[in-house]
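Subject: Structure handover

Hello,

Here is the structure you were expecting.

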Amino acid sequence: MMVNRNILTLDEFTIQQMRSFPAATGELSSLLRDIGLASKRINVEVNKAGLVDILGDYGTTNVQGEEVKKLDIYANNQLMGVLKHGISCAGIASEELDDIVVFDDEVSNNSKYICMFDPLDGSGNIDVNVSIGTIFSIYRRVSKLGIPCTKEDFLQPGNKQVAAGYVIYGSSTMLVYATKRGVNGFTLDPQIGEFSLSHPDIQCPADGKIYSVNHGNFFQYEQGVKEYITCCQKKTKADGGPYTQRYIGSMVADVHRNLIKGGIFTYPGTTDKPNGKLRLLYECNPFAFIVEMAGGRATDGKQRVMDLQPTELHQRTPFFVGSKNMMDELDAFIKAD
Ligand code: AHM
């Protein structure tokens, strides 16, 4: 039975979705609720970032050799904590952690899902009060139920994702998640502390006028990418332009804007870093899934990013994602390269 209400909370929405799918056990809804809870806690700390002594370097480096801010660790621990104590997750992998964490207790060993996340993406923007986000990705495990999950459960191609989403801590806080049934966005109502359905059935416009790229790396990009960027700059009204360049340096904010308004986000390989900067499992696959489920496309410049077989947890890949027709145009430049 459909609940007839003007506003649905995240919990109500996921339960409603579950009811219309008789085989569902409720585990995915419970997992999404756990992620929603962790992100509300992270949101509280992110909002206080300018006030309390939580800023600054933690004094350690993460497994990619990047400096870790205190909030990254807080966010990581919140997500890990709620998922460990929940009833639906067998283990996690995080951008902040060297290896997978297997929860290994009776309930977790019988849970069918594993979760991967980047707890606080764009953390270089914390100190300057620019939007940052959490990205997550959920897979059905391939190992047997009843035993601890294994690394194989995490090294699955993105096309095996069951759900993926992100939380953007911006001018308002939003949680957007995708399943094969569609993409829906929920805005946090701070007065009641609930995510409420505000962006039902998000569709990425097939055309857009925004391109997002780090121009500082321009001369390090391959020829086809340079030519595509130049083409974006030269667009006139007659050929769908003019285009606008927007790049905040927080992928969650950049892709969120392009998903809603239409656009393309790119992080190509450079001569220094041929695989670019972004991580396949924690950043690219979840966004590829979300944008594809909304009607867009995502590639590594050669092939669909979700068809890449991961070989290691922290592998990086060039990444191009966005509106379908813009992606098609980009392909023509890269393929001609
Ligand atoms: P982080 O893991 O240090 O937060 O870096 C990831 C971020 C993405 O959100 C963003 O798109 C990219 O790094 C920006 O990188 P650059 O400054 O090289 O353009």
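Predicted model: local features only at pLDDT ≥ 70, side-chain atom pairs only at ≥ 80, totals over all residues.

Four bridges join strand β13 to strand β15 (residues 319–322), and the two run antiparallel.

As for burial, five of the five residues of β13 (residues 263–267) are buried, so the strand is largely enclosed by the rest of the structure. In a regular strand, side chains alternate between the two faces of the sheet. In β13, Gly 263, Phe 265 and Tyr 267 point one way, while Ile 264 and Thr 266 point the other way, and all are buried.

Now the helices. Helix α2 (residues 27–47) packs with helix α3 (residues 70–85) at an angle of about 155°, and their axes are 9 Å apart. Angles over 145 degrees count as roughly antiparallel, so that is how α2 lies relative to α3. The crossing of α2 past α3 is right-handed.

On the α2 side, the contact is made by Leu 31, Asp 34, Ile 35, Leu 37, Ala 38, Arg 41, Ile 42, Glu 45 and Val 46. From α3 come Leu 71, Tyr 74, Ala 75, Gln 78, Leu 79, Val 82 and Leu 83. Sorted by type, the residues of this contact are twelve nonpolar, one polar and three charged.

Regards

Notes. Residues numbered from 1 in each chain as written. Heavy atoms only, no water. Buried < 20%, exposed > 50% of the residue type's maximum accessible area, 1.4 Å probe, protein only. Pairing = 2+ DSSP bridges. Axes fitted to C-alpha atoms, helices over the stretch in contact; angles between N-to-C directions. Parallel < 35°, antiparallel > 145°, perpendicular 65-115°, else oblique. Left-handed = near helix turned anticlockwise from the far one by under 90°. Contact = heavy atoms within 4.5 Å. Nonpolar A, V, L, I, M, F, W, Y, C, P; charged D, E, K, R; others polar.
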